Amino acid sequence: MTPVTVTQGNSSVVLGFPHCGTYVPADVWNNLNETGRALSDTDWHVDHLYDGVMDGLTTVRANFHRYVIDANRDPSGDSLYPGQNTTTLVPLTDFDGLPIWSKEPDAIEIAARRETVHAPYHAALQAELDRVRSIHGFVILYDCHSIRSRIPFLFDGVLPDFNVGTNLGITCAPEIEARAVAVCEAAKGYRSVLNGRFRGGWTTRHYGQPHQGQHAIQMELAQSAYLTCEHAPWTYDTQKAEALRAHLAKILTRLAGWTP
């Protein structure tokens, strides 16, 4: 299994997909329980949702499932949201707080996955950010995510459709944040929030270095905005998706049009 797939473009925007992969090696699969083997916490079809939405985009896609190791978690294992329910570098539960392993991985196995899977993904991502920044003098990482709109274990109520994360404005220039938010707020029939429950994961926080010409923004989409239903078989709803893609195209076009 190749941990990461890269498609190169010449736009100033790079799309990251840390959670749409579904590959699980046999030795890992054998240690998952029935709940884990459902792979419910996948960012289902989010790569398909963005496919072709704008020309010239570079994409960096993790092929492995987040239960193998989570590409959007700090390799040190530090929590993204101290004091709140969340999942770890190698999750021990799903988003509902249910155990996913019949045999949990030990520290040696986690370290091996960090070296052979997590690190190659981030090496590829940084290489593309460096390449694009060399072309434009700056780069914008747009980290693509989706999640069920109702998960009581993680948050109360119903998640907005668009969840923009910039770690309270730290990870990108304010104009970049403003451009994305403006499109979301103008999208009729959709709800949006800035730096709500999802302020940007480790990827956004780690790569968001505006003072070095490297900007990062996370978009967490509610899966109800483009799936027929938020449970298996996780069916892609073409009509919903096309409506959403129109707004995503506006966001990415506006970001690509930004210059320092």
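Start by selecting Ser 11: at 10% relative accessibility it counts as buried (under 20% relative accessible area; over 50% is exposed and anything in between partly exposed, with a 1.4 Å probe and protein chains only). This is a predicted model, where local features need pLDDT of at least 70, side-chain atom pairs count only at pLDDT 80 or more, and totals for chains, interfaces and linings use all residues. Residues are numbered from 1 along each chain as its sequence is written, and side-chain values use heavy atoms, with hydrogens and water left out.

Ser 11 sits in the loop between β1 (4-7) and β2 (13-17); helices (H or I, at least four residues) and strands (E, at least two) are DSSP runs, numbered from the N terminus. Now show what surrounds Ser 11: leaving aside neighbours within four places in sequence, its contacts (heavy atoms within 4.5 Å) are Met 54, Gly 56, Leu 57, Val 132, His 136 and Ala 256. Val 139 is 128 residues away along the chain, yet its C-alpha lies 8.8 Å from that of Ser 11.

Next, colour the sheet. It is open, with 7 strands in the order β1-β3-β2-β4-β7-β5-β6 and mixed pairing (two strands pair if DSSP finds at least two bridges between them). β1 and β6 (192-194) stand at the edges with a single partner strand each, so one side of each has no neighbour in the sheet. Zoom in on β4 and β7 (residues 214-222), which pair in the parallel sense over 9 bridges. Across that pairing, Asp 143 stands opposite Gln 218 in β7.

Now bring up helix α4 (residues 107-136). Its 30 residues should span 44 Å at 1.5 Å a residue, and the end C-alpha atoms are 41 Å apart, which agrees (the expected span is 1.5 Å times one less than the number of residues). Look for the kink of about 40°, centred on Arg 114; the bend at a residue is the angle between axes fitted to the seven residues ending there and the seven starting there. Buried residues of α4 include Tyr 121, Leu 125 and Val 132.

Last stop: Ser 149, in the loop between β4 (139-147) and β5 (162-165). Buried or exposed? At 5% relative accessibility, Ser 149 counts as buried. Not counting residues up to four places away in sequence, Ser 149 touches Phe 155, Gly 157, Val 158, Leu 159, Ala 222, Ser 224 and Glu 230.
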